[in-house]
Amino acid sequence: MESRWEHFEHGADIGVRGTGPTLAAAFQQAALALTAVVTDPALVRPETSVPIACEAPTDDILFVDWLNALVYEMATRRMLFARFTVAIDANRHLQATAWGERVDPRRHEPAVEVKGATQTALRVVQDAAGPWTAECVVDV
Amino acid sequence: MDLSLLSRRSDHEWVIEPHGRMRVPGILYASEALVADMDHKVYEQVANVAMLPGIEGASYAMPDAHWGYGFPIGGVAAFDPDRGGVISAGGVGFDISCGVRTLYTGLKLRDIETRKVDVANALARAVPAGVGSEGQISLDDVEMDAMLSGGARWAVERGYGTVADLERIEEHGCMAGAEPAEVSPQAKRRQRDEMGTLGSGNHYLEVQRVAAVFDRAIGEAFQLREGDLVVTIHCGSRGLGHQIGTEFLRRMAIEAASHGIELPDRELACAPIRSELGRAYLGAMRAGINCALANRQIITALVRDVFAKLFPGSALPLLYDVSHNTCKLERHVVDGEEKRLFVHRKGATRAFGPGHPELPAVWKDVGQPVLIGGTMGTASYVLAGTGGKGERAFGSACHGAGRSMSRSEALRRFKGRQIADDLADRGIIIRSPSSRGIAEEAPAAYKDVTRVVDAADAAGLSRKVARLEPVVCIKG
């Protein structure tokens, strides 16, 4: 199946949603949706790699942790990310690499910084047909 | 919101009668039109907050209430630690102590009319704003902890502003009880290079003209006269507050069950005030308040430098600084008994009235200024706290307009360049590093702040004093 990302409406903020054939693919797509809150991911050059690791007791908390780990790296490195590899083992240990570049205000025209991923509208599920969806609202 | 779900107590007071697990009623202060426009989620969230342990009085919603995270934005709730009361990271929000401060300039519109572009360009150069921006100072570990303990007082001691500023900041510029040790290394790392930055989204720095004064006596006391120019800063605790919120929301959600708390919504994550986690959050959150106060103080100094260069002799003293994402320990009378309560204001402004013991001497007779942010194309307002026996919602009022349109929808409908041009035609100069950011913050994406403020006045939450209209706006 095709992997994809999208945004969904939330009054003051914005929802990010990733869909893919595996949990990791859904997380990967949601990460692109996170970048798209700030800028067009196509404008971001995947020049520098950043390793990311996290673990959590449930899939949904792991999803929020994953997005918040990205938010942290974006904030402290002043970077935007455009490409991701994600691996999640049976114990919900996530190992990932995010590729991106330092924010260039002229080229990226970043709209808004993400303060954090929230547990509002948080949902990580596998449909009966097989694909995974991971989504939540992010505070901007 | 379905009005049939509410009991109407007066023109501007609506009640959600206790039902299910609600321990107290929900009370919404707003006009019929504003309540009708509110999302049903506000009803659910006000009712959910009313279910939390130790809540006192009622779960309140201000006229600008909208769907938030667990708590509605525009929500007020107070908890008694002696009755198992809780503290909630969601009830404060990610941007701890986000707030507004207004400075006098001593100038009139005519004094800058021909130099507005110079003012806008100089402010945009001096105050870092937008995604990826960095401040001019970087804090090492020792200075970070000193800042988190000292707030605006720390900033003044480092040369940002004057001692006279401190009396005109809530908590006299320094939130007591901050515990820098409870702030994680990650939160401190996130803040290291962000002191004196404006941020993005709905944060702004504006030069505004006093367009109207509605209450002459209080206007005089606040020294606001029609035609005066002021500067208003809206921002918060930057990355440090966001990281504290992120980390404690997670911990509170995971540990709630161990405290015997059954959460009606997991975003209401909270902990008993008298628990290790509750105490840790309180110490970290208070440090976050100090970070926001220090941040606004540094930006104030940057703004003063700009005006001193362009208008030699200008001083820009402070009118007042208010925060609208906080939890504070306050004394309030509930059912005839005075109690010490932890009052959460999430997107709500403290609005203490005349005679309140916590107010500085300068506002003792008149009540505190309540600063309400608007949009770059409409207006902001200055209100005055009311109070005494008529105090509503533990002395609270609204905080702004609130969005009426999602960011995606605003981006579909508006173009940043066009908005900037339209505003320039109306004499409002906008500077922002992001055209997309301007589109997402389009004035038409917000509710009418005047309706919100009129409702706050009519409901007795605070008194309308002056309307401020933008002349120059710096957005992140």
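Modeller: The model is predicted, so local features need pLDDT of at least 70 and side-chain atom pairs count only at pLDDT 80 or more, whereas totals for chains, interfaces and linings use all residues; side-chain values use heavy atoms, without hydrogens and water. Residues are numbered from 1 along each chain as its sequence is written, chains are lettered from A and ligands numbered from 1 in the order in which they are written.

What joins B:Glu441 and B:Arg407? The two residues form a salt bridge, with 2.7 Å between the closest N and O atoms. A salt bridge is counted when a side-chain nitrogen of Lys or Arg is within 4 Å of a carboxyl oxygen of Asp or Glu. Side chains of opposite charge can pair when their charged atoms come close.

The pair ties together parts that are 34 residues apart in sequence, because B:Glu441 lies in the loop between α14 (435-440) and α15 (449-458) of chain B, and B:Arg407 lies in helix α12 (residues 407-413) of chain B. These element names refer to DSSP runs, numbered from the N terminus: helices are H or I with at least four residues, and strands are E with at least two.

B:Glu441 has another partner. B:Lys475 forms a salt bridge with B:Glu441, and the closest N and O atoms are 3.3 Å apart. B:Lys475 belongs to strand β19 (residues 462-475) of chain B and B:Glu441 to the loop between α14 and α15 of chain B, so this pair also ties together parts that are 34 residues apart in sequence. The relative accessible area is 6% for B:Lys475, which is buried, and 3% for B:Glu441, which is buried as well.

Helix α12 of chain B contains a further charged pair. B:Arg412 forms a salt bridge with B:Glu409, with the closest N and O atoms 3.0 Å apart. The two residues are three residues apart in helix α12 of chain B, and therefore about one helical turn separates B:Arg412 and B:Glu409. Here B:Arg412 is exposed, at a relative accessible area of 54%, and B:Glu409 is partly exposed, at 22%. By the salt-bridge rule, the count over all chains comes to 57.

Strand β19 of chain B leads from B:Lys475 to a group of paired strands. Six bridges join β16(B) to β19(B), and these strands run antiparallel; two strands are said to pair if DSSP finds at least two bridges between them. Across this pairing, B:Leu383 stands opposite B:Lys464 in β19(B). Strand β16 (residues 380-385) of chain B is mostly covered, with six of its six residues buried. Strand β15 (residues 369-372) of chain B pairs with β16(B) as well, in the antiparallel sense and over four bridges. In that pairing, B:Tyr381 of β16(B) is the bridge partner of B:Ile372. In a regular strand the side chains alternate between the two faces of the sheet.

B:Ile372 also connects this account to a histidine. B:Ile372 is among the residues in contact with B:His399, leaving aside neighbours within four places in sequence; others include B:Asp64, B:His324, B:Gly347 and B:Gly373. Contact means heavy atoms within 4.5 Å.

Where is B:His399 found? B:His399 is in the loop between β17 (396-397) and α12 of chain B, and B:His399 is buried, with a relative accessible area of 15%. The side chains of B:His399 and B:Asp64 are joined by a polar contact of 2.7 Å. A polar contact is a pair of N or O atoms within 3.5 Å; within protein, one must be able to donate a hydrogen and the other to accept it, and residues adjacent in sequence count only if both atoms are side-chain atoms. The side chain of B:His399 also reaches the backbone oxygen of B:Gly347, at 3.0 Å.

To draw the part together: B:Glu441 has salt bridges to B:Arg407 and to B:Lys475. B:Arg407 lies in helix α12 of chain B, and B:Lys475 lies in strand β19 of chain B, which is joined to β16(B).

Conventions. Buried means under 20% relative accessible area, exposed over 50%, partly exposed in between (1.4 Å probe, protein chains only).
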